[in-house]
Amino acid sequence: MSDTILEVTDLDKKYKDVHALGGISFRVQKGQIFGILGPNGSGKTTTLAILLGILKPNQGTFSWFGNGTDDANRKRIGALLETPNFYPYLNAIDNLMIVAKIKDLTEPMSAINDALAKVGLTERAKSKFKSYSLGMKQRLAIASALLSNPEVLVLDEPTNGLDPMGIVDIRSLILNLKQEGKTIVIASHILDEMEKICTDVIIMQKGKVIRTGKLDEIIQDKEHIFIRSSELSKVKELLGTHVLRLVSDKNNVIEFTSDLSSLEINKKLAQASVYCEEIYVKNQSLEQSFLSHINA
Ligand code: ADP
């Protein structure tokens with residue numbers, strides 16, 4: 001059995017005069033938390049809408065579970081593109097019962113109980129929807145996507161508008177679902193948050209994929225070295241060609257990428273009797289990686 005959950009090849013989409021997707025390709029493997037990342041307007045929602053059969057691409061293909069675009073695939077995918085319109089005066093169980101009927105589930109009550117347990121809403125199952133916090137509303141929405149116990153969960157901006165506690169809840173919920181063996185595809189513009197959960201990402205900009213890979217590889221791409229010294233001009237002179245990119249230069253601190261390690265830099269400066277107050281290294285965050293690509 002193949003471990004490929006989704007294969008996307010050269011998807012292209014135009015909305016009249018807006019070229020929303022310019023030929024994107026990627027592959028999602030079983031068990032990944034796969035982030036489709038990029039700023040607003042980069043084409044994330046368009047991509048998800050095509051993959052869920054809501055929009056038709058102008059060109060390109062995709063295949064779920066190796067079965068192409070077969071309708072039967074949808075039963076294996078739980079999706080949340082927008083927060084569903086739950087009834088404010090109904091409780092969680094009654095709201096999910098309506099969804100369960102639409103999905104024609106054979107054992108709705110046990111499916112509802114399972115889904116509520118997964119999103120941590122069992123204790124509030126009988127409270128009216130309108131009494132829920134935004135975070136709880138979002139968790140109920142995820143419960144509705146989980147009702148048919150899908151193998152894959154597709155989420156669009158799941159932490160939008162949530163307070164820090166709500167964000168933490170969604171984060172641990174997604175990590176738990178991965179633990180259970182589900183594959184999760186998430187579109188988001190919040191790179192710092194996605195850095196905490198994704199295993200693999202594509203970074204999009206203006207309808208193109210500008211970066212793709214394992215999250216670890218992307219954020220360790222290039223270390224940023226920080227040097228604090230009252231003799232910065234000498235430091236810069238000594239490092240000369242070893243500074244690949246000067247990221248910032250202020251208040252006696254320079255931040256840069258280099259072809260030398262921090263140890264080699266330290267040695268080189270010490271040999272010239274130039275001593276620094278601090279030398280330290282930070283891995284590049286996803287956000288920095290994104291910015292360095294668009295500024296390149
Ligand atoms: P994201 O989800 O990354 O914010 P979208 O997929 O929503 O990006 O949008 C990609 C581009 O397509 C944007 O320029 C957006 O304005 C445009 N777009 C999205 N939907 C439509 C539409 N229905 N009609 C015209 N343009 C659209």
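This is a predicted model: local features need pLDDT of at least 70, side-chain atom pairs count only at pLDDT 80 or more; totals for chains, interfaces and linings use all residues.

Colleague: What about the phi of Lys206?

Modeller: Lys206 is not a glycine, yet its phi is positive, about 45°.

Colleague: Is Lys206 buried or exposed?

Modeller: Exposed. The relative accessible area of Lys206 is 68%, and the cut-off for exposed is over 50%.

Colleague: OK, switching to the inside. How many residues are in the largest nonpolar core?

Modeller: It has 47 residues. Leu116, Leu140, Ile142 and Leu147 have the most contacts inside it.

Colleague: Which element gives the largest share of this core?

Modeller: Helix α4, residues 134-146, with seven residues.

Colleague: Take Leu116. What is it in contact with, leaving aside neighbours within four places in sequence?

Modeller: Ala92, Ile93 and Leu96 are among its contacts. Leu121, Thr122, Ala125 and Leu140 complete the set.

Colleague: What about a second core?

Modeller: There is a separate one of 24 residues. Leu21, Phe26, Phe62 and Met204 are included in it. As background, nonpolar side chains in soluble globular proteins tend to be buried together.

Colleague: Where does Ile98 lie?

Modeller: In helix α2, residues 92-102. Ile98 has 33% relative accessibility, so it counts as partly exposed.

Colleague: Now charges. How many salt bridges are there?

Modeller: The count comes to 10. Opposite charges on side chains can pair when the charged atoms come close.

Colleague: Give me one with Arg27. Which residue does it meet?

Modeller: Glu7, at 3.0 Å from N to O. The pair links distant parts of the chain, 20 residues apart. Arg27 is in strand β2 (residues 18-29), and Glu7 is in strand β1 (residues 4-15).

Colleague: How accessible are Arg27 and Glu7?

Modeller: Arg27 is partly exposed at 46% relative accessibility. Glu7 is also partly exposed, at 27%.

Colleague: What does Arg76 form a salt bridge with?

Modeller: Glu151. The closest N and O atoms are 2.7 Å apart. Arg76 lies in the loop between β4 (59-64) and β5 (77-80), while Glu151 lies in the loop between α4 and β6 (152-156). So the pair ties together parts that are 75 residues apart in sequence.

Colleague: And the accessibility of Arg76 and Glu151?

Modeller: Arg76 has a relative accessible area of 29%, so it is partly exposed. Glu151 is at 33%, again partly exposed.

Colleague: What does Glu231 pair with?

Modeller: Lys234. Their closest N and O atoms are 3.2 Å apart. Glu231 is partly exposed at 25%. Lys234 is partly exposed at 44%.

Colleague: Which residues are linked in a network of salt bridges?

Modeller: Arg171, Glu193 and Lys196.

Colleague: How many disulfides does a search find?

Modeller: Zero, over the whole structure.

Colleague: Is Cys198 buried or exposed?

Modeller: Buried. Cys198 has a relative accessible area of 6%, against a cut-off of under 20%. Cys276 counts as partly exposed, at 24%.

Colleague: Last one. Where does Glu123 lie?

Modeller: In the loop between α3 (108-118) and α4. Glu123 counts as exposed, because its relative accessibility is 80%.

Colleague: How far apart are Glu123 and Lys182 in space?

Modeller: 24 Å, C-alpha to C-alpha. In sequence, Glu123 and Lys182 are 59 residues apart.

Conventions:
Residues are numbered from 1 along each chain as its sequence is written. Side-chain values use heavy atoms; hydrogens and water are left out. Helices (H or I, at least four residues) and strands (E, at least two) are DSSP runs, numbered from the N terminus. Buried means under 20% relative accessible area, exposed over 50%, partly exposed in between (1.4 Å probe, protein chains only). A nonpolar core is a set of buried Ala, Val, Leu, Ile, Met, Phe, Trp, Tyr and Cys residues joined through side-chain atoms within 4.5 Å. Contact means heavy atoms within 4.5 Å. A salt bridge is a side-chain nitrogen of Lys or Arg within 4 Å of a carboxyl oxygen of Asp or Glu. A disulfide is a pair of cysteine sulfur atoms within 2.5 Å.
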